[in-house]
Amino acid sequence: MKTEHYTPELSITLTPSAIGHVRKELAKTPDAIGIRIYLQSSGCSGYKYETELVQASGDKAPKADDEILLQDDIKLYVARKDLPILHGTQLDFVT
């Protein structure tokens, strides 16, 4: 008997508006190297989605369990444990 494993590609996408906004924010912060999306518990309503700039060093540096997804020239950092919930998420920026 043969066992096969299927690992679907997990994806999070950014709209062109979000890409433009992230690029502007990265340009304002010289040591920023990307953006992190993560989940926080939000009581009985589920999760709250948060973002922050990732910096080359310090408390906002990449974490050991981060997966790095690339879209255009943007590095998106996501904790492995959050990927199944965030799969299919599209980040947008609207003013």
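Start by selecting β2 (residues 32-41) together with β3 (47-55): these strands pair in the antiparallel sense over nine bridges. Strands here are DSSP runs of E of at least two residues, helices are runs of H or I of at least four residues, and both are numbered from the N terminus. Two strands pair if DSSP finds at least two bridges between them. Strands of a sheet pair through backbone hydrogen bonds, either parallel or antiparallel.

A quick word before we move on: this is a predicted model, in which local features need pLDDT of at least 70 and side-chain atom pairs count only at pLDDT 80 or more, while totals for chains, interfaces and linings use all residues. Residues are numbered from 1 along each chain as its sequence is written, and side-chain values use heavy atoms, with hydrogens and water left out.

Now click Arg36, which stands opposite Glu52 in β3. Next, pick Ile37, whose bridge partner in β3 is Thr51. Then go to the hairpin of β2 and β3: five residues sit between the strands, and Gly43 takes a positive phi near 65°.

Which strand runs parallel to β2, joined by two bridges? Select β5 (residues 74-79), and there you have that strand. Arg36 turns up again here, with Tyr77 as its bridge partner in β5.

Time to see the whole sheet. It is an open sheet of four strands in the order β3-β2-β5-β4, with mixed pairing. β3 and β4 (66-71) are at the edges with a single partner strand each, so one side of each has no neighbour in the sheet. From one strand to the next, the twist averages 25° (the angle between axes fitted to C-alpha atoms, taken between N-to-C directions on a scale from 0 to 180 degrees).

Next stop: α1 (16-28). This helix gives the most to the lining of the largest pocket, with four residues. By class, the lining has seven nonpolar, three polar and two charged residues.

How many helices and strands does the protein chain have? There are two helices and six strands, running β-α-β-β-β-β-α-β from the N terminus on. Along its principal axes, the C-alpha trace spans about 55 × 30 × 30 Å.

Conventions: Nonpolar A, V, L, I, M, F, W, Y, C, P; charged D, E, K, R; others polar.
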